[in-house]
Amino acid sequence: MPSVLLLCGVAACVLAACNLRRSRALARLLSPGAPDPGAAVNDLPPVSVLAPCRGVDGHFERYARTLLAQDYPRYTVLFVVESAADPAWRELHRILADTSEVPVSLIIAGTAEGCSQKIHNLLVGVAHVVPETGMLAFVDSDVEVHPHWLRALVLPLRDAAVGATSGYRWYVPGSGSMAGSLRSAWNAATLGLMTHPQYGFAWGGSSAIRREVFEKLEIPVAWTRGLSDDLLLTRAVRAAGLRITFVGDDLVPTFEPCTWRQLIEWTNRQVTIGRIYVPLSWAASLLVHLTSLTLGALGLTAIASGEWFASALLLSYWMINGIGSMAVCQAALRRLSAHGFAISQRAWPQALWGPAVTALALANLVASLTTRTITWRGISYTMRSPQHVVVHRDALAPASSPRIS
C-alpha cells in the first residue's frame, strides 16, 4: 500500500505540473499587453452586432450604452426582444431616445416554438441584417463590454483559416458572496477550455464570424430546432475544418448577484446542456473531476496511514492547482481593470475553491444524467437531441408577429 500511495503521489505531482503550465499559459494570454498594431486600421468590414435580450439585468443600461460606444468605424446594433411586454423593450426605448450616432434597430421577434427563445431572436435578427454587413457579432445582455471589444473580435477573422472568434465571461462575485465566489471559480475552470484545440468553443455571449462563413455553413438551418446557439455554431465551424480563436482581450464581466439556489440551477443547466451537445467534453470533465476526487481521497488515506511523504505529494495536487487558478484569476482581474471595470474581487479565494468546484461539478454531472430538461430565462426546454428541442412555456405569453422599429 505505501508504494501504491507513493506512485499515485508522483503521478499527482506530474498532473498538477501539467495543469500549472496550462494555467500559466492562459494567464499570459489574459494579461494586458501592448496594443495590436493592426488595431488602428480603418479598412475593417461593416459588422452587425446581434444582441438578443430577455428581461433586464442589474447592469443592463451599461451593457446597452457600451455596445453603442464601440471604437469601430462601421457597425450596426440589432437589439432583439420577444415582445413589447418584455422589460428590456421599455428600457431600450428609454436608452435609445438619447443615443446614438450608431445605426441601431429594436426588433420584436415574437414567441419561439421549435427552438430556444434566444435562437429565435437571433434568427429574426439575422433576417434584418443589412446587405453590406461583412461580419456578424453576438453578445449577451448580462455582460459588459469595453470600447475595443468589437475590434478585438473582428481582427483575427482576417485570417481565412479562422472560422470564428470568441471571448468569454468572467463572473465578478458580490462583496461577501460565497455562492458568487464559488460560481466565479467554477466558471473560471471552464475558461481553461477556451484555448484547447479540441474542446474550445465559440461562446455565444461574445463571439464573431464572417457572414459568408455563417451562410456557407448554413448556421440558421442548424439553429432552427436547437437550444444552444454557440455549441451548434461551434460544431459547424469545426466540421468545416476552421479554427476558433479565443480572444483574451474580450474577457467580459458579469456583475449579477448569485444565491446558492441560483448557483445550483445555473451549474446544473450548463452541464446538462453540455451532456447533450458536447458529450466528449462532458465525459472528459467527468474523468478530470473523478481523478481529482480520487487523488484527494488517497491523500487523506495516506495521512490516516501515517504515510506523510506520500500524503504531501498527493495533496500537493490541490495546492499546485490552486496556485494556477489564482494566477489565472489575477491575470483576468488585471485585464478587466485595464479596460476600466471596477473590480473588487480578490484572487486568493480561487486557490481555495478547488475541492468545492470538484464536488459541485460531480454533483452537476450526476444531476445531468437524470434529465434532458432545463429552465432558461423563465422558459423550460427538453432536449431530445442537439437539433431537436421541445419548448414548454406558460399560456400567458402570446405570440407576436416580427416587427422592427
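**Notes on the predicted model**

1. By class, the residues lining the second largest cavity are four nonpolar, two polar and two charged. Here Ala, Val, Leu, Ile, Met, Phe, Trp, Tyr, Cys and Pro count as nonpolar, Asp, Glu, Lys and Arg as charged, and the others, Gly among them, as polar. The lining is made up of Phe138, Ala202, Gly204, Ser207, Trp223, Asp229, Asp230 and Leu233. Helix α9 (residues 229–239) gives the most to this lining, with three residues. The volume of the second largest cavity is about 40 Å³.

2. On the basis of these notes: the model is predicted, local features need pLDDT of at least 70, side-chain atom pairs count only at pLDDT 80 or more, and totals for chains, interfaces and linings use all residues. Residues are numbered from 1 along each chain as its sequence is written, and side-chain values use heavy atoms, with hydrogens and water left out. Helices (H or I, at least four residues) and strands (E, at least two) are DSSP runs, numbered from the N terminus.

3. How many cavities of 30 Å³ or more does a search of the whole structure find? The search finds two. A cavity is a set of points, on a 1 Å grid over the protein atoms alone, where a 1.4 Å probe fits but cannot get out; lining residues have an atom within 4 Å of a point. Grid points are joined across faces, edges and corners, and a volume is the space filled by probe spheres set on the points.

4. The largest cavity has a volume of about 70 Å³. Of its 13 lining residues, Asp57, His59, Asp142, Val143 and Phe255 are the closest to the centre. The lining divides into five nonpolar, four polar and four charged residues. Both α2 (60–67) and β7 (243–254) supply at least two residues to it.

5. Asp142 sits in the loop between β4 (135–139) and α5 (149–154). Asp142 counts as buried because its relative accessibility is 14%; buried means under 20% relative accessible area, exposed over 50%, and partly exposed in between (1.4 Å probe, protein chains only). Contact means heavy atoms within 4.5 Å. Leaving out residues up to four places away in sequence, Asp142 touches Asp57, Arg169, Pro253, Thr254, Glu256 and Arg377.

6. Phe60 lies in helix α2 and, at 1% relative accessibility, counts as buried. Beyond four places in sequence, Phe60 touches Cys53, Gly55, Ala88, Glu91, Leu92, Ile95 and Ser141.

7. Strand β2 (residues 75–81) pairs with β3 in the parallel sense over five bridges; two strands pair if DSSP finds at least two bridges between them. Val77 stands opposite Val104 in β3. Four of the five residues of β3 (residues 104–108) are buried.

Conventions
On a 1 Å grid over the protein atoms alone, a cavity is a set of points where a 1.4 Å probe fits but cannot get out, and a pocket is an open set with protein on both sides within 12 Å along at least five of seven lines; lining residues have an atom within 4 Å of a point.
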